[in-house]
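Colleague: Thanks for sitting down with me over this one. Shall we go through the model together?

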Amino acid sequence: MKAGVLVFPGSNCDDDCYYVLSDVLGQDVEFVWHGGKKLDHFDALILPGGFSYGDYLRTGAIARFSPVMESVIKFADSGKLVIGICNGFQILLEAGLLPGAMLRNKNLSFICKYVTIRTENIKTPFTNKCKKGQALRIPIAHNEGNYYVDKDTLKKMKSNGQIVFRYCDEDGGVSPSANPNGSLDNIAGIVNEAGNVLGMMPHPERSSEKLLNSEDGRLIFESMIAWVKKNG
């Protein structure tokens, strides 16, 4: 898989994503500066976490207007894979590539800890290596991870299988107590209607090696690699 890792002013998880794809999983990876526009040679794009443009105005609101985003939208519309992690998820929301919006965490504080998320849909390019209902231990680190969408859109997303991950307890139970940020319906990750664009608040790149006490995150990247190998 040929992957591009986007870099915005304020990104801080770009190196982590590059390292996992290149050194851990042995893939061909390049950094893509936010001013660049040539993306056609990639199979997948990763919008990493961080604080793009200092999170001024609103998380992801300024990055959405970076020159590269016009090409990202065309890339996604062509059916190729795009994954936005944490701040990357927020940018995808602002760009209209995914439905909904992010609010501040319910406790109005930054949260950085390991959480457990349940895999709700394994028929996506990002979850084909997971098992239905599998609980993945992956960390979060955000201040605005409280996902919100209107009732009609939520109903549509459920019928389309767009809810991919939900916050859960260690046994896979979805409940308010397992929800770290107040996210609607415990939503931790979603895809677009076509299924080729994923946004998730947890950081899979921070849980892709045993050294980090969890390798669950690499399942997302391995699923992408498998999908590209089959469909590329």
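Modeller: Gladly! Let me start with a term: accessible areas here come from the Shrake-Rupley method with a 1.4 Å probe. Please keep in mind that this is a predicted model.

Colleague: What share of the accessible surface of the protein chain belongs to carbon and sulfur atoms?

Modeller: The accessible surface of the chain comes to about 10,200 Å². Of that area, the part belonging to carbon and sulfur atoms is 50%.

Colleague: How does the radius of gyration sit against the globule rule?

Modeller: The secondary structure comes to five helices and 11 strands. For 232 residues the globule rule gives 17 Å, and the chain is as compact as a globular protein of that length, because its radius of gyration is close to that value, at 16 Å.

Colleague: Is His142 buried or exposed?

Modeller: His142 has its place in strand β7, residues 135-142. Buried means under 20% relative accessible area. His142 has a relative accessibility of 2%, so it counts as buried.

Colleague: Which side chain does a polar contact of 3.0 Å join to that of His142?

Modeller: Leaving out residues up to four places away in sequence, His142 touches several residues, among them Cys86, Asn105, Tyr167 and Asn181. The polar contact of 3.0 Å joins the side chain of His142 to that of Asn181.

Colleague: And which residue caps the N-terminal end of helix α4?

Modeller: Helix α4 covers residues 151-160, and Gly161, with a positive phi near 70°, follows it. At the N-terminal end, the backbone nitrogen of Asp152 lies 3.1 Å from a side-chain oxygen of the capping residue, Asp150.

Terms used:
Residues numbered from 1 in each chain as written. Predicted model: local features only at pLDDT ≥ 70, side-chain atom pairs only at ≥ 80, totals over all residues. Heavy atoms only, no water. Helix = DSSP H or I, 4+ residues; strand = E, 2+ residues; numbered from the N terminus. Rg over C-alpha atoms; globule rule 2.2 N^0.38 Å. Polar contact = N/O pair within 3.5 Å; in protein donor to acceptor, adjacent residues only side chain to side chain. Buried < 20%, exposed > 50% of the residue type's maximum accessible area, 1.4 Å probe, protein only. Contact = heavy atoms within 4.5 Å.
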